[in-house]
Amino acid sequence: MNKLLENVRFVVENSEFVKLNTDAIVAFAKTFKHEHINHWWNSSPVDLSSLNDDEKLHFLLVFNSISFCYWGEPKWTINYKGKQIDGSFGMIAAIKRSIDSEIPIFNAEFLSNISKKDFDLILQGNTQIPLFEERLKIIHEVGSVLVNKFQGKFSNIIKKAENDSIKLLNLIVNNFPSFNDFSVFSGKEVYFYKRAQLLVADIYQVFNGKNYGNLKNITELTACADYKLPQALLKLGIFLYSPQLANKINAKIQIPKNSKEEIEIRANTIWAVELIKQEIKKKIKDIESIHVNDHLWLSTQIKSPNNKPYHRTTTTNY
């Protein structure tokens, strides 16, 4: 993870389109309170309390495998028990809806062979979800890897990690190619591992650091570089975009995957959260990057007409 931060720092120091406002970082850190530490599991519009520990673990794996790129016109939205839910919470609702319908979505063999028709039924909404075919390919990969390498159980990967979050992260990235999220900036590989890091952080937090969540080295995890955190950082005045990039984002012009602009946005997201964490640690010693990450992400779930657009990149990474 030191390598991750080292290469992220290189991007930040050589950024042309994104700058960080350190005064705004200090100002935001002053407003952060211990009660702001919260996780999406506790704020979900979908009740997940009926799941047992193994089901929770597989839920988190399935969710983080196919949770990315929800934007579009119209935005993919599902109906769950009369509620219209979109984005990540929409995916959570879609998975829970399949559980309610007794679809064996936690069965690795089923996932490895799920038909296009059945997968479409699971994700059924007002429109087909973006990158549907890519999601189907990933779910096949996840099921096949579990069956062929881990006796169909994600818990076997947890055991192999020996209660170490970084070992777990590496096992996920090395065994599931779709989680290997990196870019190349000025000849240097820059590792983001957004979905892999989020999966590890989710396991730790959903299990409250116990049982499957009994993971050491959680302090090594960074923020998860997506398209919602930059929106929050921009609103706080922490992100400063060049006029050229700001105009593109505001006009909803796509930012190409692996472009200099996209890499700068993602790298500065991680670095900004590290700086925020360092400031907050002056008063809250047990604050970690994942806590700041979750707080910022949850803040973006409060929809407001005053919110500026988030950057749009077609990618399976976030």
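**Core, rings, spaces and loops**

Modeller: Of the 115 residues in the largest nonpolar core, those that touch the most other members are Trp 40, Phe 59, Leu 123, Phe 154, Leu 168, Ile 172 and Ile 203. A nonpolar core is a set of buried Ala, Val, Leu, Ile, Met, Phe, Trp, Tyr and Cys residues joined through side-chain atoms within 4.5 Å, and buried means under 20% relative accessible area, exposed over 50% and partly exposed in between, with a 1.4 Å probe and protein chains only. This is a predicted model, in which local features need pLDDT of at least 70 and side-chain atom pairs count only at pLDDT 80 or more, while totals for chains, interfaces and linings use all residues. Residues are numbered from 1 along each chain as its sequence is written, and side-chain values use heavy atoms, with hydrogens and water left out.

Biologist: Which helix gives the largest share of this core?

Modeller: Helices (H or I, at least four residues) and strands (E, at least two) are DSSP runs, numbered from the N terminus. The largest share of the core is nine residues, and they come from residues 260-280, which form helix α14.

Biologist: Which residues does Leu 168 touch, beyond those up to four places away in sequence?

Modeller: Contact here means heavy atoms within 4.5 Å. Leu 168 is among the core residues that touch the most other members, and, not counting residues up to four places away in sequence, it touches Ile 157, Ile 158, Ala 161, Val 200, Ile 203 and Leu 215.

Biologist: How many aromatic pairs does the structure hold?

Modeller: Rings of Phe, Tyr and Trp (its six-membered ring) pair if their centres lie within 6.5 Å; planes under 30 degrees apart count as stacked, over 60 as edge-to-face and the rest as tilted. By that rule the number of aromatic pairs in the structure is 16.

Biologist: Which ring does the charged end of Arg 266 sit over?

Modeller: A charge sits over a ring if NZ of Lys or CZ of Arg is within 6 Å of the ring centre and within 35 degrees of the ring normal. The charged end of Arg 195 sits over the ring of Phe 179, 4.6 Å from its centre. For Arg 266 the charged end is 4.3 Å from the centre of the ring it sits over, that of Phe 192.

Biologist: What is the volume of the largest pocket?

Modeller: On a 1 Å grid over the protein atoms alone, a cavity is a set of points where a 1.4 Å probe fits but cannot get out, and a pocket is an open set with protein on both sides within 12 Å along at least five of seven lines; lining residues have an atom within 4 Å of a point. The largest pocket is lined by 35 residues, of which Lys 75, Tyr 227, Lys 228, Gln 301 and Tyr 310 lie nearest its centre. Grid points are joined across faces, edges and corners, and a volume is the space filled by probe spheres set on the points; for the largest pocket it is about 660 Å³.

Biologist: Which helix supplies the largest share of the lining of the largest cavity?

Modeller: The largest cavity has a volume of about 30 Å³, and its lining includes Pro 230, Gln 231, Leu 234 and Tyr 241. The largest share of that lining, three residues, comes from α12.

Biologist: What is omega for the cis peptide bond that joins Glu 73 and Pro 74?

Modeller: Pro 74 is found in the loop between α4 (53-65) and β2 (77-80). The bond that joins Glu 73 to Pro 74 is cis, with omega at about -5 degrees.

Biologist: Is Asn 211 buried, partly exposed or exposed?

Modeller: Asn 211 has its place in the loop between α11 and α12, and its phi is positive, about 50 degrees, although it is not a glycine. With a relative accessible area of 45%, Asn 211 is partly exposed.
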